[in-house]
Each structure stands twice: as structure tokens, then as C-alpha cells.
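Here are my notes on this one, for whenever you have a moment. Have the structure open as you go through them.

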Amino acid sequence: QGSGSSSSRAIRSLGGPCTSSSMDPFLTANLQAFVAHRGSSARETAREGSQHSSSVPPGASARQGFERRTLLDQRRKRGSMLFLDRMEADANSKAALKQVCAMRQDPEGRLALDRAVEKLRPAPEVKGPIVATYDHRSLWEGHNKKLNWAPLEYY
């Protein structure tokens, strides 16, 4: 009678592969939003009449493949969970997705979340020596990047 819940507690306490702690809901939600945003922006550029297949940067499909593969692994982990753990993971991921979507409304928040996804990717394969170059007009690192200012009411 009570053995079902005690066995699930025992499995969770052993730290088996099906625990809900193996799935990070915030990371998964960020990956979902990132893939959805990249997919919609790619479709929009295709609709705008770009007949060139070179409009997609080289390696972009491989990069999206990494995110999609990671999401697929998370989905497989969810599928191997027990029912109550799956319910808990779904509730956590829904709350995390709401939070990520709210953070992605702000351009600076979107950039920070995109940088977090970029850090997850494996390092590219190095082919030969790397030559360090810099812009001679830049006075400091990040000088050539656009600054996002807040509205004037905040100053």
C-alpha cells in the first residue's frame, strides 16, 4: 500500500538517473526560449525574400543542433521520471519559462540569457594557430560595442 511512495523516496535518495535534480528547469526554459527565438527569426528572414542560402551563417545549423540535442536529452530524462517527479518538474519548468520569458523582454536580459546559452556550447575545434587582432581605433575592450541606455526618465 505505502510501498510505492517509499520506493520512489528510496530511488530519489539513492541519487539515481531519474531524479528531478538532474533537470535544471531554468536552463531548460532558457534553451527552449533561445531555440524558439532563433527559429522564428530565421523564418522571418526567409519570408522577407532572401533567396540566398548563404544568409544563414556557417555553422548555425550545428549550433542549433547542440541546443536541440540538449533539449532532447532533457525530454528523455523527463520521460524516465516517475509520475510525481514528472509533475513536479513540469510545474518547475512552467514557472521557469514564465520567468525566462519575462527576462527576455528586456534587451539586456536577453543578451545575458543568450550569453549563458553560448557558454554551454562546446568549444569550437581549433585548426592551426590563432592570430590575435584588434581594432587600432578602440581605446578599451568593448569600445566598439553599442551601449544600451535606459530611458531618460531613469537618469
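The points below cover a helix, some charged pairs and a histidine.

1. Keep in mind that this is a predicted model. Helix 4 (residues 83-104) has 22 residues, which at 1.5 Å a residue should span 32 Å; the end C-alpha atoms sit 31 Å apart, so the two agree.

2. Which residues of helix 4 are buried? They are Asp85, Ala89, Ala96, Val100 and Arg104. Looking down the axis of helix 4, these fall within an arc of 75°, so they line one face of the helix. Phe83, Leu84, Lys94, Lys98 and Ala102 are exposed on the other side.

3. On to the charges: the whole structure has 7 salt bridges. One of them pairs aspartate 73 with arginine 76, with 3.7 Å between the closest N and O atoms. These two are 3 residues apart in helix 3 (residues 60-79), so about one helical turn separates them. Aspartate 73 is partly exposed at 37% relative accessibility, while arginine 76 is exposed at 54%.

4. Arginine 121 and glutamate 118 also form a salt bridge, their closest N and O atoms being 2.6 Å apart. Here arginine 121 counts as buried, at 16%, and glutamate 118 as partly exposed, at 37%.

5. Arginine 137 meets aspartate 135 in a salt bridge, 3.4 Å from N to O. Elsewhere, salt bridges with shared partners join Arg38, Arg104 and Asp114 into one network.

6. Last, have a look at histidine 143, in the segment after helix 5 (107-120). Histidine 143 is partly exposed at 33% relative accessibility, and its side chain reaches the backbone nitrogen of leucine 139 at 3.2 Å. Beyond its neighbours within four places in sequence, histidine 143 contacts Arg137 and Ser138.

Technical notes. Residues numbered from 1 in each chain as written. Predicted model: local features only at pLDDT ≥ 70, side-chain atom pairs only at ≥ 80, totals over all residues. Heavy atoms only, no water. Helix = DSSP H or I, 4+ residues; strand = E, 2+ residues; numbered from the N terminus. Expected span 1.5 Å × (residues − 1). Buried < 20%, exposed > 50% of the residue type's maximum accessible area, 1.4 Å probe, protein only. Arc of directions from axis to C-beta. Contact = heavy atoms within 4.5 Å. Polar contact = N/O pair within 3.5 Å; in protein donor to acceptor, adjacent residues only side chain to side chain. Salt bridge = Lys/Arg side-chain N within 4 Å of Asp/Glu carboxyl O.
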